[in-house]
Structures are given as C-alpha cells and as structure tokens.
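User: I am new to this structure and would like to go through a few parts of it. Could we begin once it is on screen?

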Amino acid sequence: MNDWHSQHYLDAGRQAGIDEELLQRAVAAAEYTLTRPNHGPPVLTIGHLAQLCGVETGLLHAYVAREGDDPYREFTIRKRPIPGEAPRYRFIAVPEPRLLQVQTWIATEILRQAPCHGASKAFAPGNRLITAAGVHCRAQWMIKIDVRDFFESITEIDVHRVFRERGYQPLVAFELARICTRLRDDHRHPTSFLPQRRKPKYYGGSGYSVYPRTLIGVLPQGAPTSPMLANLAVRDLDEVLTSLASQFGLRYSRYADDLTFSTRRKSFGRARAKDAIGQIYQALINRGLSPNRAKTAIVSPGARKIVLGLLVDGTRPRLSREFRSRLRMHLYFVAHPDHGPAQHAKMRGFASVEGLRQHLLGLIAFAGQIDALFADWCRAEMRRANWPLT
C-alpha cells in the first residue's frame with residue numbers, strides 16, 4: 001500500500017482549504033517515512049490510520065486512551081510436554097475483531113518488511129524452523145538460554161521506539177504503540193516507577209493531552225503485531241549477543257525467547273561456557289529481560305543436541321524418535337474405532353476435542369517442515385479419525 005504521492009496529497013489538501021504550512025509539514029513527515037529501509041506507508045494522524053485500516057477514528061482513540069473494557073480475550077494453550085514435568089501452559093490474549101483488523105494492517109503494511117537482525121530466526125518472512133536449527137548442526141558444545149516472559153518484557157516504550165525507527169512522527173508512533181500493547185494487572189506501573197533511562201520521552205507535552213493515562217502497556221502474546229515488534233525491539237540485544245558470541249568463538253541464533261549458542265570445537269570446555277553465560281545474562285539484564293536460569297543448559301560433546309525440538313547432531317536437522325513416537329501414539333488412538341478423538345482428548349487432559357485436533361495439526365505442521373513424507377502419513381491418519389462435526 002506504498003502508493004503515496006505528495007502532489008496528490010497537496011492538491012487534495014489545498015482544495016479542502018488546509019493551511020499550506022500544515023500541508024508542507026505533513027508532506028515532510030510522509031517523505032521521511034519513505035526514506036526508511038523497506039519502509040511502510042506514511043501515517044500522518046490517527047484519523048489517517050483509521051482511514052487506511054477501514055475503522056472509525058473514535059474507536060482508535062479509545063484504544064489509545066485505554067478506555068472501556070479490555071479488548072482482549074484470554075485463554076491458555078498447553079506447551080510441548082517435557083518428560084517428568086507437570087503440564088505447562090501458555091497464556092494467549094487475542095484482540096477483539098476490530099482491533100485485530102487494525103493490528104493485522106499494521107503487521108502487514110508497516111512491520112512485515114522491516115529489517116530484523118540476522119540472528120533472529122522467528123516470524124520474519126522467509127525464516128523457517130529448520131533454518132534456525134540448522135545454524136547449530138554438528139555442534140560439539142551448546143549453550144541454551146530461555147528468556148522469561150519475553151513478550152510481556154517488551155514495553156510500550158520499546159514499541160514506540162520501533163515505530164520511531166520506522167520513520168513515524170512521535171505522536172503517531174505513540175498511538176501505534178498504544179494500539180499494539182495492552183495493560184496487565186501486574187504491569188500497571190506509573191512512569192515515575194520506571195528507571196530513569198527507561199522513562200518514556202513521548203509522555204508529556206501538549207500533543208499528548210488527549211491521552212491522559214500514563215500507564216505502560218506490554219506486548220500481548222496473541223496479537224499479530226507482537227512477534228515482529230518483539231524482534232525489532234531487541235535488535236540492539238541481538239547485536240550485542242552476536243558480538244559476544246564472536247568473542248567466544250560461538251554461533252548465535254534467537255528464535256523468539258529461545259537463545260542458542262554453539263561451537264564445533266571440542267576444546268571449548270565447560271568453564272568457558274559458564275563465562276559466556278555470565279556475560280549473556282548481563283546483556284539480557286541490561287536490556288530489561290530476565291533469563292530463566294532454571295532452563296539454562298550446557299550441552300557437552302557426546303550428549304544429544306536438540307534445538308527447537310530438532311536433533312542437530314548430524315548434517316541437517318531431523319525429528320527426534322520421541323517426537324515421532326508421541327505423534328504416532330496420538331494418531332493411533334484418535335483413529336482407532338475403540339477409542340476415537342473424544343475419549344483420547346479426555347484421557348490426555350485436553351479441554352476439548354477441538355483443542356486436541358489443533359494440537360495435533362500443530363505437531364504435524366512442525367513435522368512437515370522437516371519430513372514431508374512423515375507429515376503426509378500423519379495427515380492421512382488424521383483423516384481416518386472420526387472427528388465430530390463443528
């Protein structure tokens with residue numbers, strides 16, 4: 001939708017009687033946006049954004065001012081099981097349809113082509129799971145680090161900075177940031193409680209008086225804008241960690257909140273790995289992120305190397321035997337006439353048959369990135385099952 005023409009805008013504005021100085025400032029703002037790499041369309045005001053997205057301006061004002069009921073619906077999905085551990089769940093916040101429409105437009109038109117760091121392997125166009133895992137094939141030593149509450153650690157201030165870097169003026173960037181973030185009870189902190197270096201410069205000033213709330217939102221996991229905004233918000237961290245990895249002779253990749261460092265040198269050693277972890281932790285903390293220390297792992301030579309659920313001890317990533325066996329087990333029971341989807345969903349603790357079906361489809365899609373023939377067999381087994389009509 002990058003079909004901006006300044007002369008058309010000026011002609012239309014003059015015909016409408018808009019002040020010439022105001023028109024020239026708007027054109028300058030639009031042309032600045034168009035100078036950014038892989039730029040999105042100019043957005044001059046919240047009314048302009050409403051027109052581009054096909055919604056009412058008043059609705060966007062309400063989102064930005066955080067007025068009315070929470071426009072998100074929360075639910076949980078079960079995470080991939082870990083042997084010996086209790087079931088784990090991920091909390092998802094899905095925006096209401098009109099907010100989803102606006103966020104989808106922002107994700108598609110503004111964020112989709114934004115340049116991410118090369119170490120970031122999730123959510124950007126062309127990135128695939130197999131590519132992310134393939135970085136670490138034939139590794140001898142590996143360090144795996146998980147970031148706690150990754151999306152909710154990316155604040156409205158970080159998101160504002162992303163939109164400013166995309167070439168949008170401060171007030172528009174503020175409004176875009178508000179539309180893409182959400183208040184949570186455990187994140188309702190006045191700006192005065194933020195560290196001095198993190199205080200939002202976009203608060204204050206007469207231009208923001210229509211938005212009196214000064215509480216800081218965070219990225220909701222479940223919004224279409226959150227994945228790319230998270231990637232862009234931590235681009236500086238990716239640069240620091242890439243440099244740090246180079247100093248230690250390591251390869252680095254990040255897939256959302258999963259950080260992996262590896263080397264093919266057997267001589268690397270556990271002591272050096274611990275030194276690297278200390279510096280990685282400090283880089284995360286400096287960026288306002290919290291490492292999940294309980295999930296940090298040093299994988300030594302001879303041990304199985306798994307990245308993002310894939311074995312990387314050979315020349316290319318492959319599915320683990322455990323993954324194949326678990327998926328075959330599910331498909332055996334859902335397709336067996338003496339069991340079926342409803343009974344299996346109940347036995348395995350799924351909230352609904354549809355939840356089980358979506359879980360299996362996700363696993364099969366995952367498998368399909370690595371082994372197309374196995375995934376085809378799985379889909380055939382899914383079709384054999386007697387799934388209830390919805």
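User: Which residue takes a positive phi in the hairpin of E4 and E5?
Analyst: Ala256 does, with a phi near 60°, and the hairpin has two residues between the strands. Strands (E, at least two residues) and helices (H or I, at least four) are DSSP runs numbered from the N terminus. Please note that this is a predicted model, where local features need pLDDT of at least 70, side-chain atom pairs count only at pLDDT 80 or more, and totals for chains, interfaces and linings use all residues. Residues are numbered from 1 along each chain as its sequence is written, and side-chain values use heavy atoms, leaving out hydrogens and water.

User: How many bridges pair E4 and E5?
Analyst: Five, in the antiparallel sense; two strands pair if DSSP finds at least two bridges between them. Within this pairing, Arg251 has Ser262 of E5 as its bridge partner.

User: Is E5 mostly covered or uncovered?
Analyst: E5 (residues 258–263) is mostly covered, with five of its six residues buried, meaning under 20% relative accessible area with a 1.4 Å probe, protein chains only (exposed is over 50%, partly exposed in between).

User: Changing topic, where is Thr181?
Analyst: Thr181 lies in the loop between helix H8 (170–179) and helix H9 (226–233).

User: Why does Thr181 count as buried?
Analyst: Because its relative accessibility is 3%.
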